[in-house]
Amino acid sequence: MDSTATDPFDTGRFEAGRNRLASLAYRLLGSAADAQDAVQDAFLHWQAADRQQIRVPEAWLTKVVTNLCLDRLRSAQARRERTAGAWFPELLLDGDPMLGPADTFEQRESVSLAMLTVMERLSPVERAVYILREAFSYGHAEIAEMLDITESASQQHLHRARARITATRRRGGEVDPASARRIVEEFLTAATSGRTERLVELLTDDVIALSDGAGLAAKLLRYDTPQRVATVMRGSLKPTPAKRRLAGGTPAIHYAVVNGAPAILFVLDGQVLGAVTFDVSDDKIAALRGIAAPARLVRLTEAWREQHEPDTPLIAQW
């Protein structure tokens, strides 16, 4: 007998789509924790609904999650956090179900740290239309019904979103994984040995670096120009006794893929203490992001402990 037949809340039907709903919420909010909260709130709506009147549960739940996320994006708290200069997407390790769907370039790009950051320039509705269309392939009629707007308005929002994204997108295309790893390894070797000249050679002319200041800065720190970025990264990545005391020991540095991009993780006793992600273009590094705030590393650490298979760290004792 189907267990869902005796389930008054149709839990099984909801759970079958939980990962898809979470991936939608993550793209809208940029936070795994907030995405999980939104999906749980959607489950409460599902429990309270007259499910006999819901003809297409997937569409109904997508609408509920989307609008719950829009409410969060429009809230005063969210506006304060996102305009204070300290907001940054929560990092996800390769293989995390929240990264799906990932069949097309557009779907994979929509969870990149670069795109999540660019989408902060969109209005909440523009962001929702763009994600529903580009990452989930909904038609404008379906999007209009979900967002309570007209089809024409949906098309206009998508046009504006695409224009803004195109204007601010730094580089496009995907990078060969082997090449990306090689470049990151060269960068790490140069940084930890203090070779500033080699670091500069590995950076694009318009490189940028963002950092949360080892998790201590009130606002994200931004650096540009190859020389400036190289100097900062050399200072940040070169090990010292003081940094080891702050870390609570001697972490290992592992290579990983985070939100589809190459990254290095500082790991101590199974805990990810920090991450540096890289945008690679034409065999050079176009952007770096240094994150150490614990709240942004919670899910990444959980995934590392659960999914990680033993490998050889790039640096065993940093």
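Four aromatic pairs are found in a search of the whole structure, which is a predicted model. Select Phe187 and Phe278: the ring centres lie 5.5 Å apart with the planes at 70°, and because an angle over 60 degrees counts as edge-to-face, the pair belongs to that class. Phe187 is part of helix α11 (residues 177-193) and Phe278 part of strand β5 (residues 271-281), so the contact ties together parts that are 91 residues apart in sequence. Both Phe187 and Phe278 are buried.

Next, select Trp46 and Arg51. Arg51 lies over the face of Trp46, 5.7 Å from the ring centre.

Turn now to the salt bridges, of which a search of the whole structure finds 17. Select Glu120 and Arg127, whose closest N and O atoms are 2.5 Å apart. Glu120 is partly exposed at 25% relative accessibility, whereas Arg127 is buried at 2%.

Proceed to Arg160 and Glu126, a salt bridge with its closest N and O atoms 3.2 Å apart. This pair links distant parts of the chain, joining helix α10 (residues 151-168) through Arg160 to helix α8 (residues 124-134) through Glu126, 34 residues apart. Arg160 has a relative accessible area of 34% and is partly exposed; Glu126, at 3%, is buried.

Finally, select Arg198 and Glu201, where the closest N and O atoms of the salt bridge are 3.0 Å apart. Both residues lie in helix α12 (residues 196-201), three residues apart, about one turn of the helix.

Note on methods
Residues are numbered from 1 along each chain as its sequence is written. This is a predicted model: local features need pLDDT of at least 70, side-chain atom pairs count only at pLDDT 80 or more; totals for chains, interfaces and linings use all residues. Side-chain values use heavy atoms; hydrogens and water are left out. Rings of Phe, Tyr and Trp (its six-membered ring) pair if their centres lie within 6.5 Å; planes under 30 degrees apart count as stacked, over 60 as edge-to-face and the rest as tilted. Helices (H or I, at least four residues) and strands (E, at least two) are DSSP runs, numbered from the N terminus. Buried means under 20% relative accessible area, exposed over 50%, partly exposed in between (1.4 Å probe, protein chains only). A charge sits over a ring if NZ of Lys or CZ of Arg is within 6 Å of the ring centre and within 35 degrees of the ring normal. A salt bridge is a side-chain nitrogen of Lys or Arg within 4 Å of a carboxyl oxygen of Asp or Glu.
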